[in-house]
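Please read the points below with the model open beside you.

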Amino acid sequence: MKWRKIKARIYLALVEYTSLPLLIGLLLLYLSGYCLTTTKVARLTLGLLARRECILLHTGVFPYLVGVLAILHALGGFGLMINRRIRNDTLRITLELANLIIVGVVFLIQLTILALA
């Protein structure tokens, strides 16, 4: 029971600490994506996101970092949901392991392969 509370706190911390950086990262990626096709974003951001900056944001390491934040956020969110909703210990451990393998490992490997390609 105590281990379950510790895991819930870890999952909650993951969700809380990744929320704001993920929001900012997604907003920047969203705006910079529009900036690649229109000049309205440069005016909207008062010139902070011009075409050059948008290209740098989209082709650099930034999308990978936002992807890692999204993976951590999903890992924490799913883990918290599993920990709170599933009462059967065997099923909960199985789902937490599946969450770690699928979300934590598989998605991170896919993201890394895409970033290196």
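Is Cys 35 buried or exposed? Cys 35 counts as buried because its relative accessibility is 6%; buried means under 20% relative accessible area, exposed over 50%, and partly exposed in between (1.4 Å probe, protein chains only).

1. Basis of the values. This is a predicted model, in which local features need pLDDT of at least 70 and side-chain atom pairs count only at pLDDT 80 or more, while totals for chains, interfaces and linings use all residues. Residues are numbered from 1 along each chain as its sequence is written, and side-chain values use heavy atoms, with hydrogens and water left out.

2. Cys 35 and its helix. Cys 35 belongs to helix 1; helices (H or I, at least four residues) are DSSP runs, numbered from the N terminus. From Cys 35 to Arg 9 there are 26 residues in sequence and 39 Å in space, C-alpha to C-alpha.

3. Helix 1 against helix 4. Two packed helices are described by the angle between their axes and the distance between the axes. Here helix 1 (residues 2-35) and helix 4 (residues 62-85) have axes that come within 7 Å and cross at roughly 145 degrees. Axes are lines fitted to C-alpha atoms, for helices over the stretch in contact, and angles run from 0 to 180 degrees between N-to-C directions. The crossing of helix 1 and helix 4 is left-handed, that is, the near helix is turned anticlockwise from the far one by less than a right angle. The residues of this contact comprise 18 nonpolar, 8 polar and 3 charged. Ala, Val, Leu, Ile, Met, Phe, Trp, Tyr, Cys and Pro count as nonpolar, Asp, Glu, Lys and Arg as charged, and the others, Gly among them, as polar.

4. Salt bridges. Side chains of opposite charge can pair when their charged atoms come close. The whole structure has 2 salt bridges, each a side-chain nitrogen of Lys or Arg within 4 Å of a carboxyl oxygen of Asp or Glu. One of them joins the side chains of Lys 7 and Glu 96 (2.7 Å, N to O). Lys 7 is in helix 1 and Glu 96 in helix 5, so the pair ties together parts that are 89 residues apart in sequence. Lys 7 and Glu 96 are both buried.

5. A pair within helix 5. Asp 89 and Arg 92 also meet through their side chains in a salt bridge (2.8 Å, N to O). Both residues lie in helix 5, 3 residues apart, about one turn of the helix. Asp 89 counts as partly exposed because its relative accessibility is 46%, whereas Arg 92, at 6%, counts as buried.

6. Two loop residues. Which loop holds Leu 36? Leu 36 sits in the loop between helix 1 and helix 2 (40-44), and at 30% relative accessibility it counts as partly exposed. Val 61 is in the loop between helix 3 (51-59) and helix 4; at 54% relative accessibility, Val 61 counts as exposed. Val 61 and Leu 114 are 11 Å apart in space, C-alpha to C-alpha, and 53 residues apart in sequence.
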